[in-house]
Amino acid sequence: MDIPDAERIQAMNAAFPSANSDNILAFIAFQHVYQQVDTEYATLLQDYGLSESRFLILMFLRRSGAAGLSPSDIAVKLNSAKPMGSKLIHGMIQTGLVAKKTDAKDLRRFNVQITSKGSQQLDRFLPVNFDYLNHLFHGLTTEEKFQLNRLLAKLLR
């Protein structure tokens with residue numbers, strides 16, 4: 001990777017006075033870590049036939065219990081557009097991870113429930129998921145993890 005150092009960034013200040021080397025270096029480091037973690041995690045999920053969205057849907061459905069969730073509720077929880085959520089759900093129905101159930105209150109609507117296959121896949125993945133997270137954060141103290149969470153939250157303000 002061709003990562004600029006503070007000196008190279010300072011040289012840009014002549015043309016771009018708003019170039020703050022601390023901000024640029026922090027962003028580059030953040031982006032590099034995010035890309036590496038995202039790639040590793042996507043590979044881990046893929047090894048279990050999942051994507052991040054499929055994993056989240058299974059977790060949402062497990063938590064919802066027997067009632068399941070409507071496709072709209074799932075889309076809101078995923079923070080995605082309803083058509084994208086519907087496409088994911090359709091694919092998960094085809095693979096047997098989830099099933100449609102007619103809504104008891106409105107027979108024109110349906111809810112989505114996790115199937116036993118979906119629960120089994122989730123049960124196989126969760127220990128591996130937790131091992132990955134433990135490995136990822138093993139070098140940080142409890143205080144450092146708290147600080148990291150606080151700093152990441154500040155970025156979203």
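What share of the contacts in the protein with a separation of 6 or more comes from residues 24 or more positions apart? Such residues account for 49% of them, where a contact means heavy atoms within 4.5 Å. Welcome to this predicted model, in which local features need pLDDT of at least 70, side-chain atom pairs count only at pLDDT 80 or more, and totals for chains, interfaces and linings use all residues. Residues are numbered from 1 along each chain as its sequence is written, and side-chain values use heavy atoms, with hydrogens and water left out.

**Overall layout**

- The protein has 7 helices and 2 strands; these are DSSP runs numbered from the N terminus, with helices being H or I of at least four residues and strands E of at least two.
- Along the sequence, their pattern reads α-α-α-α-α-β-β-α-α.
- The C-alpha trace spans about 65 × 35 × 30 Å along the principal axes.
- The radius of gyration is 21 Å, while a compact globule of 157 residues would have one near 15 Å; the value is taken over C-alpha atoms, and the globule rule is 2.2 Å times the number of residues to the power 0.38.

**Surface and burial**

- Of the 157 residues, 27% count as buried, meaning under 20% relative accessible area, with exposed being over 50% and partly exposed in between (1.4 Å probe, protein chains only).
- The accessible surface comes to about 11,100 Å², and 57% of that belongs to carbon and sulfur atoms; the areas come from the Shrake-Rupley method with a 1.4 Å probe.

**Helix H2**

- Helix H2 covers residues 21-47, and its 27 residues should span 39 Å at 1.5 Å a residue, which agrees with the 39 Å between its end C-alpha atoms; the expected span is 1.5 Å times one less than the number of residues.
- Buried residues in H2 are Ser 21, Ile 28, Tyr 41, Leu 44 and Leu 45.
- Their cover includes helix H1 (6-12), helix H3 (52-64) and helix H6 (116-136).

- Asn 129 sits in helix H6 and is buried, with a relative accessible area of 4%.
- Leaving aside residues up to four places away in sequence, Asn 129 touches Tyr 41 and Phe 55.
- Asn 79 lies in the loop between helix H4 (71-78) and helix H5 (82-94), and Asn 79 is exposed, with a relative accessible area of 72%.
- Although Asn 79 is not a glycine, its phi is positive, at about 60 degrees.
- Most residues other than glycine have a negative phi.
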